[in-house]
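User: Hello! I am new to this structure and would like to learn how to read its features step by step. Could you guide me?

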Amino acid sequence: MCLCKKMFAFCWAILVTTVMNAQQEAQSLMYAYNPLMYNGAYASVKESVSLELHLNKQWVNVEGTPMTCVFTGSAPLWNTGVGVGLSFSHQSIGINEHSNLQSQLAYRVRLMEKSLLAFSVGGECLWHNTNDSKLANSKEDDLSEALYESGINYAAQFSLWCENPHWSLSFSMKGIGNKKGADNLCSQVPHAYLSFSTIFPIEKKYDVRMEFIAMGTENSPLAFQIVPNLDCEDRWNVGLLYEIDHYVGAMFKAFVCEHFYLGGAYSYALNDLATADASSSFELMLGFKFPTKQEPLTW
């Protein structure tokens, strides 16, 4: 009877939830610290209310390169196994601006005492603006004549998350059912993310975690990331980043006090961007976590 009530709550929430996506997926160097950015099922995994803010600047030395601000939040719904997530991002690339609102509804099932399976459905909505008048040299310039275009588009997403104390596996798809039109600048691009992480305890307080991530978009090659990191009692974490044929970098995350933590990441390009003064990118993260149960803080 209890399981039926949980399933009913989950199905009802799907019907009343609206969700929304973006043409340019907001990129993050710190997926290992905030999986909710790419996997909605993570919203039901942890028994805590989480809020996180990411600021990401790509290719620091080049004018007009992507600057992204991403806010994510998630919370469990009482003891139903249902979790809700919300994220908003704003990205500027030269004269282009993308705003993306996304919501997730997730449900988890305990497979064994320390193992679980979570899945989510949701959707996204993208606002895309282009203002060519910003390129005008003067008011007499032809470009200053209200060359402003915008568009809105919608998409859906589906995510899975499976974990136990020694490993976790996640998969998500975004951009299902895009709409494209000749007069609509805003077109959804399908995305897919697959990650696998495993934990190697080395002492009572320390773990080495290895994360393997594959990301793909329509009409683009697959990207592969390897993220080894050292964790101390879920209180601080330092790690390295390596993306095949793309970049190397480093990252960290640390709790400043019981409920507040911060993090950062820096990367250096290994490809042709290095010769074009577009070699470095960085990201800053601020986060708050409030457990709904008396249990150790974890991410």
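User: Where is the place of E233?

Analyst: E233 sits in the loop between β10 (223-232) and β11 (236-243). Helices (H or I, at least four residues) and strands (E, at least two) are DSSP runs, numbered from the N terminus. Before we go on, this is a predicted model, in which local features need pLDDT of at least 70, side-chain atom pairs count only at pLDDT 80 or more, and totals for chains, interfaces and linings use all residues. Residues are numbered from 1 along each chain as its sequence is written, and side-chain values use heavy atoms, with hydrogens and water left out.

User: What is the phi of E233?

Analyst: Start with the general idea: most residues other than glycine have a negative phi. E233 has a positive phi, near 50°, and is not a glycine. W78 also has a positive phi, of about 50°, without being a glycine. W78 lies in the loop between β2 (67-76) and β3 (82-93).

User: Is W78 buried or exposed?

Analyst: The cut-offs come first: buried means under 20% relative accessible area, exposed over 50%, and partly exposed in between (1.4 Å probe, protein chains only). W78 is exposed, at 71% relative accessibility. E233 has a relative accessible area of 47%, so it is partly exposed.

User: Which residues is S281 in contact with, leaving aside its neighbours within four places in sequence?

Analyst: Contact means heavy atoms within 4.5 Å. With those neighbours left out, S281 is in contact with L29, K57, Q58, W59, V60, A265, Y266 and S267. S281 belongs to strand β14 (residues 280-291), and its relative accessibility of 7% makes it buried.

User: Which residues touch the most other members in the largest nonpolar core?

Analyst: In general, nonpolar side chains in soluble globular proteins tend to be buried together. A nonpolar core is a set of buried Ala, Val, Leu, Ile, Met, Phe, Trp, Tyr and Cys residues joined through side-chain atoms within 4.5 Å. Here the largest nonpolar core has 29 residues, and W161, L241 and M251 touch the most other members. At least two residues of this core come from each of β5 (115-131), β9 (206-217), β10, β12 (247-255) and β13 (260-269). The most come from β12, which gives three residues. As for M251, its contacts beyond four places in sequence include L29, A32, Y33, V227 and L241.

User: How many salt bridges does the structure hold?

Analyst: A salt bridge is a side-chain nitrogen of Lys or Arg within 4 Å of a carboxyl oxygen of Asp or Glu. The structure holds five salt bridges. One of them joins K46 and E163, at 3.9 Å from N to O. Because K46 lies in the loop between α1 (2-16) and β1 (48-57) and E163 in strand β6 (residues 148-164), this pair ties together parts that are 117 residues apart in sequence. E163 is buried, at 16% relative accessibility.

User: Which strands do K174 and E124 lie in?

Analyst: K174 and E124 form a salt bridge, with their closest N and O atoms 3.9 Å apart. K174 is in strand β7 (residues 167-176) and E124 in strand β5, so to read the pair, note that it links distant parts of the chain, 50 residues apart. Both K174 and E124 are buried.
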